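Here are my notes on the model, written as numbered points. Please keep the structure open next to them as you read.

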Amino acid sequence: MKAESKKEIFKEGTVNSNEVISIRNLYMAFGENKVLNGFDFDLHRGENIVVLGKSGSGKSVLIKCIIGLLKPDKGSINVLGENVPELNTTDLDKMRVKVGFLFQSNALYDSMTVRENLEFPLRRHWINTSKMEVNNLVMEALTNVGLPHTVDMMPSELSGGMRKRVALARTLILKPEIILYDEPTTGLDPITGKEISNLMLEVQKKYNTSSIIISHDINCVKIVANRIVILIDGLCYATGTYVQLQNSKDKKVKQFFE
Amino acid sequence: MKDIIIEIGLITKFAGRFFREIIKPRFEFAEFARQCYYIGNRSLPLVAITAFIMGLVITIQSRPTLVEFGAQAWLPKMVSVSLVREIAPVITALICAGKIGSGIGAELGSMKVTEQIDAMDVSGTNPYKFLVVTRVMATTFMIPILAILADTLSLYGGYLGANIRGVVSWDLYWSQVFDTLVYSDIVPSVTKTFFFGFAIGIIGCYKGFNSNKGTEGVGQSANSAVVISSLLVFILDLLAVQITDVLNLN
C-alpha cells in the first residue's frame with residue numbers, strides 16, 4: 001500500500017505492457033519548493049486513477065508534466081511509449097492527440113461559439129476532414145455529453161455544469177486514449193458534480209479511456225476511482241482502492257476520507 | 001533601473017520570437033483576417049471622429065496667429081503639413097494604443113489566467129503563432145490604414161475650420177493642400193505608423209501573454225500595455241523625426 005512497497009515492485013523491474021502512463025523518479029521544484037520529489041506511478045489501460053493530495057501538493061503540476069505543459073527537473077514520463085520530457089514540439093503535438101486534458105477552469109475560448117471551440121482541435125489535427133464530417137463529429141461529441149442544443153451558443157451563455165460538459169466534449173472530440181482531469185467537479189453543486197462524475201464513468205466505458213483525475217471531491221472519488229494514489233511530500237505515499245484506503249489505519253491516509 | 005533593463009530585454013526577446021515564428025508554417029490567415037477586422041473596423045469611428053475634430057480645432061486655433069501676420073492665405077498649407085506629418089499619425093497611434101493595446105493586453109491576460117492559452121497548447125496549436133503573430137501583423141497593417149484615413153479626414157476638418165471664420169473655396173483649399181504636400185511629407189509619415197502598429201501590437205501581446213496574479217493581473221496588463229505602448233509611440237516618433245532630418249526629408 002505504501003510508497004516503499006510500491007517502489008519495491010519498480011525495483012524488480014515489473015513492466016506491464018498494459019501500462020499507458022509510466023512515471024519514474026519524477027522531480028519538480030519551483031525555487032526552494034520541492035513539489036515532486038521522486039514520484040513513481042503507473043496508469044493501466046482502461047483504468048481511472050484519482051490522485052488525492054492537499055492543495056499545493058503538486059497534483060496539477062503532475063498532470064501538467066504528463067501533457068508537456070511543464071518540464072520536470074528530473075525523471076521519466078512514459079506516455080504510450082514516448083518519454084514526454086524528451087519530445088520535440090512536433091512529437092509532443094502528436095502525443096497530445098492521444099491525451100485529452102480537462103482544465104479546472106474549463107478553458108473554453110470566450111470569443112468562440114461552442115461549435116468553434118470543438119472545431120478548434122479538429123481543424124489543427126485533421127486538416128483534410130470535410131466540413132460535413134467535422135459537423136458530425138462536433139454533434140456526436142455534444143450529444144455524448146447531453147448538450148447538442150448548445151452548439152451555436154457562446155460559453156458565457158452556459159451554466160458551470162454545461163461549460164464543464166462542453167469542455168469534456170472538446171476533450172473527447174479527438175477520441176483520446178487517455179484523459180487527464182484537473183479537479184473536474186470543483187465549483188459545481190453536489191448534484192451537478194455527481195452528474196459530471198457519472199459522465200466521466202460513461203466516457204470511460206464508451207471510449208475505453210484511461211484517466212488520471214485530480215480531485216478533492218470525495219463523492220466524485222467514490223464514483224470514478226478504480227484506484228487512488230495519495231500524493232504527500234512529492235511522493236506516492238499510498239495507493240489502493242477506495243475501500244482499502246478508507247479502512248487504512250495510517251493517519252495521513254485516513255484524513256482524506258474523514 | 002535594473003527592472004527596466006530586464007523588462008526591455010524580455011520585450012526584445014518576445015519581439016525577436018515574432019520574427020522567428022512568422023516565417024514558420026502554418027500561417028493563421030483566418031485569425032489574421034479576423035483581427036484585422038476587429039482592429040480596423042472597431043477603431044474606425046473613434047479615429048475618424050477624432051481626426052476630423054483635430055483638423056477642425058488646429059485650423060481654428062492657427063488662424064488668429066496667421067491673421068496677425070497677414071498670412072491667413074497660408075492656412076491650408078500650414079495645417080495640412082502639420083496634420084499629415086505629425087498630428088494625424090500620432091493621434092491615431094495614441095488612440096490605438098489606448099483602445100487596441102489595452103484590448104489585446106486584457107484579452108490575452110484573461111486567456112492566460114483562465115488557462116485558455118494552455119488549452120491551445122494542449123490542442124496542438126502554437127499559442128504564440130495563433131495569438132501573437134496574428135495580432136501584431138494586424139496592428140502593423142491596420143494602423144497605417146487608419147492613419148491614412150485620419151490624414152484625409154483631418155484635412156476635411158481643416159476645410160471646415162478654415163470656413164468657420166473666413167471663406168476659402170473648396171477648390172482653393174484642396175489645390176493649396178496638394179501643392180504643399182509632397183512625397184517626403186507623406187511617405188515618412190505613413191512609414192512610421194507601421195512601427196507604431198508593431199510596437200502597440202507587441203507590447204499588448206507581451207503584457208497579456210505574461211499576465212499573472214489572476215484578475216488583478218489582467219487589469220495591470222491592460223494598463224501597462226497602454227502606458228508602455230503610448231510612451232513607445234512618442235519615442236519612435238522622435239526617432240522618425242531625427243531620421244527624416246538626417247536624410248534631409250524635412
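1. The largest pocket of this predicted model has a volume of about 1,200 Å³. A pocket is an open set of points on a 1 Å grid over the protein atoms alone, with protein on both sides within 12 Å along at least five of seven lines, and lining residues have an atom within 4 Å of a point. Grid points are joined across faces, edges and corners, and the volume is the space filled by probe spheres set on the points. The lining counts 38 residues, and the closest to the centre of the pocket are A:Thr89, A:Asp93, B:Asp121, B:Asn126 and B:Pro127.

2. Which elements give two or more residues to the lining of the largest pocket? They are α3 and α4 from chain A, and α1, α4, α5 and α7 from chain B. Helices here are DSSP runs of H or I with at least four residues, strands are runs of E with at least two, and both are numbered from the N terminus. With six residues, α3(A) provides the largest share. By class, the lining has 15 nonpolar, nine polar and 14 charged residues. Ala, Val, Leu, Ile, Met, Phe, Trp, Tyr, Cys and Pro count as nonpolar, Asp, Glu, Lys and Arg as charged, and the others, Gly among them, as polar.

3. Residues are numbered from 1 along each chain as its sequence is written, while chains are lettered from A and ligands numbered from 1 in the order in which they are written. Because the model is predicted, local features need pLDDT of at least 70 and side-chain atom pairs count only at pLDDT 80 or more, whereas totals for chains, interfaces and linings use all residues; side-chain values use heavy atoms, with hydrogens and water left out.

4. On confidence, chain A averages a pLDDT (the predictor's confidence in each residue, from 0 to 100) of 85, and 92% of its residues score at least 70. Residues 1-16 of chain A fall below 50, and this stretch has 28 contacts beyond near neighbours in sequence, a contact being heavy atoms within 4.5 Å. Where pLDDT is low, the predicted coordinates should not be read in detail.

5. A cavity is a set of grid points where a 1.4 Å probe fits but cannot get out, and the structure has four of 30 Å³ or more. The largest cavity holds about 200 Å³ of space. Its lining has 20 residues, of which A:Phe101, A:Arg170, A:Thr171, B:Val122 and B:Ser123 are the closest to the centre. Four residues come from β6(A), which gives the most to this lining. The lining divides into 13 nonpolar, five polar and two charged residues.

6. The second largest cavity contains about 50 Å³. Among the residues that line this cavity are B:Val47, B:Met54, B:Leu83 and B:Ser154. At least two lining residues come from each of α2 (29-68), α3 (75-113) and α5 (127-165) of chain B, with α3(B) supplying the largest share, six residues. The lining has nine nonpolar, two polar and no charged residues.

7. A:Arg96 is buried at 4% relative accessible area, while B:Asp121 is partly exposed at 26%; buried means under 20%, exposed over 50%, and partly exposed in between (1.4 Å probe, protein chains only).

8. Two further salt bridges lie within single chains. A:Glu195 and A:Arg165 have their closest N and O atoms 3.4 Å apart; A:Glu195 lies in helix α7 and A:Arg165 in helix α6, so the pair ties together parts 30 residues apart in sequence. B:Lys207 and B:Glu7 meet at 2.6 Å, N to O, and tie together parts that are 200 residues apart in sequence. B:Lys207 is buried, with a relative accessible area of 15%, and B:Glu7 is partly exposed, at 23%.

Note on methods: A salt bridge is a side-chain nitrogen of Lys or Arg within 4 Å of a carboxyl oxygen of Asp or Glu.
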